[in-house]
Amino acid sequence: MKHLLSIADLSRDEIDSLLATAATMHEVQGREVKKIPTLRGRTVINFFFEDSTRTRSSFEIAGKWMSADTINMSAKGSSASKGESLRDTVLTVAAMGVDALVVRHPASGAPKRIADWVDCSVINAGDGTHEHPSQALLDAYTMQKALGSLEGRRVAIVGDLTHSRVVRSNLLCLRTLGAEVTLVAPPTLMPSGIESWAAADGFSLSTELDAVLPTVDAVMMLRVQRERMAGGFFPTPREYTVGYGLTRDRLGLLKDHAVICHPGPMNRGLEISPDAADAARSLVLDQVSAGVAVRMSILYHLLAGDGSAE
Ligand code: NCD
């Protein structure tokens, strides 16, 4: 495996292997001295053309704990803001002798283009509304840890499907792991053409959150991405919450063992209530914790897989 651009590029075995390595890496997180020499002498650049809290910092921590040299760059503060083309900026950075570029970009497909230009490994850390593969892997890892095998488990993904790259990667990953997925959203936030995708790939669609919640083992709430919304996708935030928010009342609809996920950042009070976000069954912080282990695993598989690293 040279790049991680899309979950669609991964086989079931590759996903299983990434998740198994993540479990080993998670143990490092529990140690007092969180440092292993695996990527000593390797250089990883986090190139973020869009804002991020958890993805960027967890890739940075993951690299550092594995002894790689990790550097953070953002569009603001780089020559990209002086009008340099994406290709020139990326080739400049790559020419310094980089082993991996972790790229977040507002344009869908940008990491794939970059992978065509450079010789180093490229990791997609979220591209536009396309994919966010490391997020889907950490979500699967977290759900597996809580529920055991995801084979036959029911997962609902709820909310702003149109603007979410998390939903695309999660669908591919969860389906590959054998989960039954239902996507829930108001009709205005269902991506166009989703019906034919659902029919071809065997997942369900619903506009009725209350009907779906009692049937699932896990519910993943998605952030309402107001920064990507040009028009009115719902009348008022209040109405969105009434129809599609995981409110305190709706918690009572969940099975006893069902867990709650959210990739973050959360709009508390909009798509998720504080009662749900902070509930004992909420895995939100477990997802963040797993994020470091899963990203260590990704870096391991891409950079140490050829056996040249320690
Ligand atoms: C997500 C993203 O950026 O795609 N956040 C994340 O990486 N944890 C989801 C979001 O922005 O809502």
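This is a predicted model: local features need pLDDT of at least 70, side-chain atom pairs count only at pLDDT 80 or more; totals for chains, interfaces and linings use all residues.
The domain assignment gives domain 1 as residues 7-131 together with 289-303, and domain 2 as residues 133-287.

### Where the domains meet

Contact between the two parts involves 29 residues of domain 1 and 29 residues of domain 2. The area buried between domain 1 and domain 2 comes to about 2,300 Å², and carbon and sulfur atoms give 61% of that area. Polar groups also take part: 15 residue pairs are in polar contact between domain 1 and domain 2, counting pairs with both residues at pLDDT 80 or more. On the side of domain 1 that touches domain 2, the elements giving two or more residues are α1 (12-29), α2 (54-65), β3, β4 and α12. Among these elements, α1 gives the most to that side of domain 1, with 8 residues.

Side chains of opposite charge can pair when their charged atoms come close. The count of salt bridges between domain 1 and domain 2 is 3, while the count for the model comes to 11. Arg 12 takes part in a salt bridge with Glu 151 and in another with Asp 16, and the table gives the distance between the closest N and O atoms for each pair.

| Salt bridge | Closest N and O atoms |
|---|---|
| Arg 12 with Glu 151 | 3.3 Å |
| Arg 12 with Asp 16 | 3.1 Å |

What separates Arg 12 and Asp 16 along helix α1? Arg 12 and Asp 16 are 4 residues apart in helix α1, so about one helical turn lies between them.

Strands of a sheet pair through backbone hydrogen bonds, either parallel or antiparallel. Strand β1 (residues 43-48) pairs with β2 in the parallel sense over 6 bridges, and Val 44 stands opposite Thr 70 in β2.

The loop between α2 and β2 holds Ser 67. The phi angle of Ser 67 is near 70°, which is a positive value in a residue other than glycine.

### The sheet of five strands

Another open sheet is formed by 5 strands in the order β7-β6-β5-β8-β9, again with parallel pairing. Which strands stand at the edges of this sheet, and why is one side of each left without a neighbour? The edge strands are β7 (204-206) and β9 (259-261), and each has a single partner strand, so one side of each has no neighbour in the sheet. Strand β8 (residues 218-221) runs parallel to β9 and is joined to it by 3 bridges, with Ile 260 in β9 as the bridge partner of Val 219.

The loop between β9 and α11 (274-277) contains Pro 265. The peptide bond leading from Gly 264 to Pro 265 is cis, with omega near -10°.

Conventions: Residues are numbered from 1 along each chain as its sequence is written. Side-chain values use heavy atoms; hydrogens and water are left out. Two strands pair if DSSP finds at least two bridges between them. Domain bounds come from an automatic or database domain assignment. Contact means heavy atoms within 4.5 Å. Buried area is the accessible area (1.4 Å probe) that two parts lose on being put together, summed over both. A salt bridge is a side-chain nitrogen of Lys or Arg within 4 Å of a carboxyl oxygen of Asp or Glu. A polar contact is a pair of N or O atoms within 3.5 Å; within protein, one must be able to donate a hydrogen and the other to accept it, and residues adjacent in sequence count only if both atoms are side-chain atoms.
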